Amino acid sequence: MSIEQYQETFIQTNFADRIGGANYGKDTAIYKFEKIKRAKASAKKDFPDIELIDLGVGEPDEMADEGIVAKLAEEALKEENRGYSDNGIPEFKKAAAEYLREVFRVEGIDPETEVVHSIGSKPALAMLPSCFINPGDITIMTVPGYPVLGTHTKYLGGQVFTVELKKENNFLPDLNAIPEEVARKAKLIYLNYPNNPTGASATAEFFAEVVAWAKKYDVVVIHDAPYAALTYDGLKPLSFLSVPGAKDVGVELHSLSKSYNMTGWRIGFVAGNPLVVKAFSDIKDNNDSGQFIAIQKAAAYGLAHPEITEAIAAKYSRRHNLLVDALNSLGFKAEKPKGSFFLYVEAPKGIKGGRRFESGEDFSQFLIREKLISSVPWDDAGSFVRFSVTFIAKGEEEEKRVISEIQRRLSDVEFEF
């Protein structure tokens, strides 16, 4: 039977309200990433001989370090690593605590009680609301941003209050703009720095403000930090946990996906407040049986070699320089971020003497369909597009060629801002 035929059976009426209930699968709205996917397919069909330059992909373009891969191969051959790892092995927890100390200057993390591994950060974000959210409780989210914590808050009957990240505030949330009644009812606040999609970085002063605010209103802070070690131009990696009092109010999520080119390996960790770590561990224990021990041991090797991330960051910094210069030569007002591999740029309002762009999505579709350059639009707080410097390019000369090609394709129009 086809999906359409099954939609006429009892299965269709049994779906949970959280995913649409009896109307699940019948929604005809096309979501942002599906629109991008369709536009890319159409552009490739219309222009089969032209390279599609993908600046939309939010994952690394290279393999993990050879040492990490070799460690996986070595450990995968050992019989003692074959079984369930449940909430993780001590070796990985110790490596995570030492990594926080060496790279982020976070002292005093107890690897036994204040660190637990996760099968990537996304599942951790999905599970954490189950530790805190009852029906009617509030999670505060920043927009634009990564929605998973908010999605699962809603699944549990909670509510989401959003705070916009605006350019005039350096893409940091204005905590004072959160209404008193929301702050007092909130259980969780989600932060993510360096930020996806804006590329903005936080400061120790801002994190200190967060700690004071969280203590005032009894809100648990979830700081999602997958890009925290990818910093440029002299900016040292900053952890929320390095700020006095942070461990009293929350946890930080780290992932090896972006900083170690290990996206598909699915390994990260939650660190910080021991009660939150314990609660997450209990929820996790009822969701998964742990990541493969050999992967944890390979990840521990990676965490002990932060110079791997430093080399990756140098590459992204170089690419950011090239892309920022190219876009600014075309009239954009691009500013190199101090962290992450994302460049967040205000979309033009139109083309001089030609079409208008009503949104970031309008501009993004133009780029894909007419210039074969893929980006990701964000219209939550103004009209922006997100470029990623994880485009496919082997070596510096190829990087220069790709950026020069972007500049050439866009130079035949004059954008209005």
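**A buried ring and its neighbours**

A: In this predicted model, Phe-104 has a relative accessible area of 1% and is buried.

Q: Which residue forms an aromatic pair with Phe-104?

A: Tyr-99 does, and the pair is edge-to-face, with 5.6 Å from centre to centre and 75° between the planes.

Q: Is Tyr-99 buried or exposed?

A: Tyr-99 counts as buried, because its relative accessibility is 5% and the limit for buried is under 20%.

Q: What about the rings of Tyr-99 and Tyr-260: how far apart are their centres?

A: Their centres are 6.4 Å apart and the planes stand at 55°, so this pair is tilted. The pair links distant parts of the chain: Tyr-99 belongs to helix α5 (residues 90-104), whereas Tyr-260 lies in the loop between α12 (256-259) and β8 (268-272), 161 residues apart. Tyr-260 counts as buried, at 0% relative accessibility.

Q: How many aromatic pairs does the structure hold?

A: The structure holds 25. There is also an aromatic cluster whose members include Phe-332, Phe-357 and Phe-417.

Q: Changing topic, how many helices and strands does the protein chain have?

A: The protein chain has 17 helices and 14 strands. Its radius of gyration is 22 Å, close to the 22 Å from the globule rule for 417 residues, so the chain is as compact as a globular protein of that length.

Q: And what share of the residues counts as buried?

A: Of the 417 residues, 52% count as buried.

Methods
Residues are numbered from 1 along each chain as its sequence is written. This is a predicted model: local features need pLDDT of at least 70, side-chain atom pairs count only at pLDDT 80 or more; totals for chains, interfaces and linings use all residues. Side-chain values use heavy atoms; hydrogens and water are left out. Helices (H or I, at least four residues) and strands (E, at least two) are DSSP runs, numbered from the N terminus. The radius of gyration is taken over C-alpha atoms; the globule rule is 2.2 Å times the number of residues to the power 0.38. Buried means under 20% relative accessible area, exposed over 50%, partly exposed in between (1.4 Å probe, protein chains only). Rings of Phe, Tyr and Trp (its six-membered ring) pair if their centres lie within 6.5 Å; planes under 30 degrees apart count as stacked, over 60 as edge-to-face and the rest as tilted.
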